Amino acid sequence: MKKLLCPQCKVSALYVKNGQGDRRSVYVTDDYRVVPRNDGESLEGFDLETVYCLGCSWSGSPRRLVLR
Ligand SMILES: [Zn+2]
């Protein structure tokens with residue numbers, strides 16, 4: 001399993017948001033699964049269609065992430 005990277009700055013550190021504006025740190029696998037970075041955290045209620053990069057201003061669909 002590989003982690004996908006931001007298409008702009010090539011980091012794997014991403015986050016998702018919910019309707020309340022809370023953030024969860026995640027990574028995305030090469031089969032496009034969004035996985036919480038911290039064990040035991042739930043992504044219930046979070047919008048997994050848009051991921052945000054922690055390294056730059058990029059955000060978008062997990063499908064737009066790159067392998068390298
Ligand atoms: Zn980035």
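Strands here are DSSP runs of E with at least two residues, helices are runs of H or I with at least four, and both are numbered from the N terminus.

Before going on, a word on what you are looking at. This is a predicted model, where local features need pLDDT of at least 70 and side-chain atom pairs count only at pLDDT 80 or more, while totals for chains, interfaces and linings use all residues. Residues are numbered from 1 along each chain as its sequence is written.

Back to S1 and S2. Tyr15 sits opposite Ser25 in S2. The hairpin these strands make has four residues between them, and there Gly21 takes a positive phi near 85°.

Now the whole sheet. The protein chain has five strands and zero helices, so to speak β-β-β-β-β when read along the sequence. What is the order of the strands in the open sheet? It is S3-S2-S1-S4-S5, with antiparallel pairing. Strand S3 (34–36) and strand S5 (59–60) are at the edges with a single partner strand each, so one side of each has no neighbour in the sheet.

Strand S1 (residues 14–18) pairs with strand S4 (residues 46–53) over four bridges, in the antiparallel sense. Leu14 has Cys53 in S4 as its bridge partner.

S2 also pairs with S3, antiparallel and over three bridges; one of the bridge partners is Val34 in S3, facing Val28. This hairpin has five residues between its strands. Tyr32, in the loop between S2 and S3, has a phi near 65°, a positive value in a residue other than glycine. As a reminder, most residues other than glycine have a negative phi. Lys10, in the segment before S1, also has a positive phi of about 65° although it is not a glycine.

How exposed are these two? A residue is buried if 20 or more other C-beta atoms lie within 10 Å of its own, exposed if 12 or fewer, and partly exposed in between, with C-beta atoms placed from the backbone. Tyr32 has 12 such atoms within 10 Å, so Tyr32 is exposed. Lys10 has 14 C-beta neighbours inside 10 Å, so Lys10 counts as partly exposed.

Next, the inside. Of the 68 residues, 19% count as buried. The largest nonpolar core has twelve residues, including Leu4, Val16, Tyr27, Phe46 and Leu65. Such a core is a set of buried Ala, Val, Leu, Ile, Met, Phe, Trp, Tyr and Cys residues joined through C-beta atoms within 7 Å. S1, strand S2 (23–28) and S4 are the elements that give two or more residues to this core.

For contacts, the rule is C-beta atoms, placed from the backbone, within 7 Å. Which residues does Leu65 contact, leaving aside neighbours within four places in sequence? They are Leu4, Leu5, Cys6, Pro7 and Val28. Asp30, in the loop between S2 and S3, touches Met1, Lys2, Leu4 and Leu67, not counting residues up to four places away in sequence.

Finally, overall dimensions: the C-alpha trace spans about 30 × 25 × 15 Å along its principal axes. Thanks, everyone!

Definitions and conventions
Two strands pair if DSSP finds at least two bridges between them. Two residues are in contact if their C-beta atoms, placed from the backbone, lie within 7 Å.
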